[in-house]
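This briefing is meant to be read alongside the sequence and the structure.

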Amino acid sequence: MTLTVEALGETELVMIRSFDAPRRLLWAALTDPDLVPRWLGAHGWQIVRCEIDLRAGGAWRYVSTGPGGAEMAHGGIFREIVPEIRLVFTESYNDQWVAGESLVTQTLDEHGNRTTLTTDITYPSREIRDVALRSPMERGVGEGYTRLDALLATLT
């Protein structure tokens with residue numbers, strides 16, 4: 001399956017990817033702190049700390065290590081949770097990879113045993129959105145989603 005990434009308006013980025021799995025399994029992979037580290041991240045990166053307080057107002061935080069001992073941490077606050085349908089949360093990075101706080105909405109749309117994940121990210125400014133677009137984000141997200149495919153196959 002192909003990941004599509006599109007810039008919209010001044011500050012928005014939309015990523016869409018389908019998975020051969022029912023929505024309930026994709027939801028678990030996105031929200032279970034035991035499953036997230038098994039797939040999230042680009043090749044060479046591994047989550048070493050995963051905290052998820054899955055409730056409106058609850059916090060989440062991931063710390064990853066990568067090539068050469070690099071470390072990246074990011075987290076935020078859940079704003080809205082509609083189980084198996086939608087997650088809305090803030091996101092910011094400790095290393096200023098992408099400055100400021102973004103608002104992320106993930107929507108899961110199931111058709112048969114296939115689920116489409118749409119991730120809409122609103123950045124604080126066009127400049128910050130464009131920094132994200134120029135970064136290796138698309139490659140990293142795509143590699144993580146390939147790992148997610150493999151994980152979902154073991155869960156079904």
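Trp27 counts as buried because its relative accessible area is 9%, under the 20% cut-off. The model is a predicted one, and the points below are grouped by topic, beginning with the contacts of this residue.

- Trp27 is part of helix α1, which covers residues 23-31.
- Setting aside residues up to four places away in sequence, Trp27 touches Leu54, Leu108 and a run of residues made up of Ile81, Val82, Pro83, Glu84, Ile85, Arg86 and Leu87.
- Although Trp27 and Arg86 are 59 residues apart in sequence, their C-alpha atoms are 9.0 Å apart in space.
- Arg86, one of the residues touched by Trp27, is also the bridge partner in β6 of Val82.
- Glu84, another residue in the list of contacts of Trp27, takes a positive phi near 65° in the hairpin of β5 and β6, where 3 residues lie between the strands.

- Helix α1 is mostly covered, since 7 of its 9 residues are buried according to the 20% limit on relative accessible area.
- The buried residues of α1 are Arg23, Leu25, Leu26, Trp27, Ala29, Leu30 and Thr31.
- The strands that α1 lies across are β2 (12-19), β3, β4, β5 (71-82), β6 (86-93), β7 (102-111) and β8 (114-122), and the helix runs at about 155° to β7.
- Helix α2, formed by residues 126-134, lies across β1 and β2 and runs at about 160° to β1.

**The sheet**

- An open sheet is formed by 8 strands with antiparallel pairing, and their order is β1-β2-β8-β7-β6-β5-β4-β3.
- The edges of this sheet are β1 (4-8) and β3 (46-52), each of which pairs on one side only.
- On average, and with direction ignored, neighbouring strands of the sheet are turned by 20° against each other.
- Strand β6 is mostly covered, with 6 of its 8 residues buried.

**The nonpolar core**

- In soluble globular proteins, nonpolar side chains tend to be buried together.
- The largest nonpolar core has 34 residues, and the members that touch the most other members are Leu26, Trp39, Tyr145, Leu148 and Leu152.
- Helix α3 (residues 137-155) gives the most to this core, contributing 6 residues.
- Apart from neighbours within four places in sequence, Leu148 is in contact with Phe19, Leu26, Ala29 and Trp39.
- Of these contacts of Leu148, Leu26 and Ala29 are also among the buried residues of α1.

**Arg17, a buried charged residue name to check**

- Arg17 is found in strand β2, and it counts as buried because its relative accessibility is 3%, under the 20% cut-off.
- The side chain of Arg17 makes a polar contact with the side chain of Asp149, at 2.6 Å.
- Not counting residues up to four places away in sequence, Arg17 touches Met1, Thr2 and Leu3, then Thr115, Thr116 and Leu117, and finally Tyr145, Thr146 and Asp149.

**The chain as a whole**

- The chain holds 3 helices and 8 strands, and from the N terminus on its elements run β-β-α-β-β-β-β-β-β-α-α.
- A compact globule with 156 residues would have a radius of gyration near 15 Å, and the chain has 15 Å, so the value agrees with that expectation.
- The C-alpha trace spans about 40 × 35 × 30 Å along its principal axes.
- Of the 156 residues in the chain, 45% are buried.
- Among contacts in the chain with a separation of 6 or more, 47% come from residues 24 or more positions apart.

Note on methods: Residues are numbered from 1 along each chain as its sequence is written. This is a predicted model: local features need pLDDT of at least 70, side-chain atom pairs count only at pLDDT 80 or more; totals for chains, interfaces and linings use all residues. Side-chain values use heavy atoms; hydrogens and water are left out. Helices (H or I, at least four residues) and strands (E, at least two) are DSSP runs, numbered from the N terminus. Buried means under 20% relative accessible area, exposed over 50%, partly exposed in between (1.4 Å probe, protein chains only). Contact means heavy atoms within 4.5 Å. Two strands pair if DSSP finds at least two bridges between them. Axes are lines fitted to C-alpha atoms, for helices over the stretch in contact, and angles run from 0 to 180 degrees between N-to-C directions. A nonpolar core is a set of buried Ala, Val, Leu, Ile, Met, Phe, Trp, Tyr and Cys residues joined through side-chain atoms within 4.5 Å. A polar contact is a pair of N or O atoms within 3.5 Å; within protein, one must be able to donate a hydrogen and the other to accept it, and residues adjacent in sequence count only if both atoms are side-chain atoms. The radius of gyration is taken over C-alpha atoms; the globule rule is 2.2 Å times the number of residues to the power 0.38.
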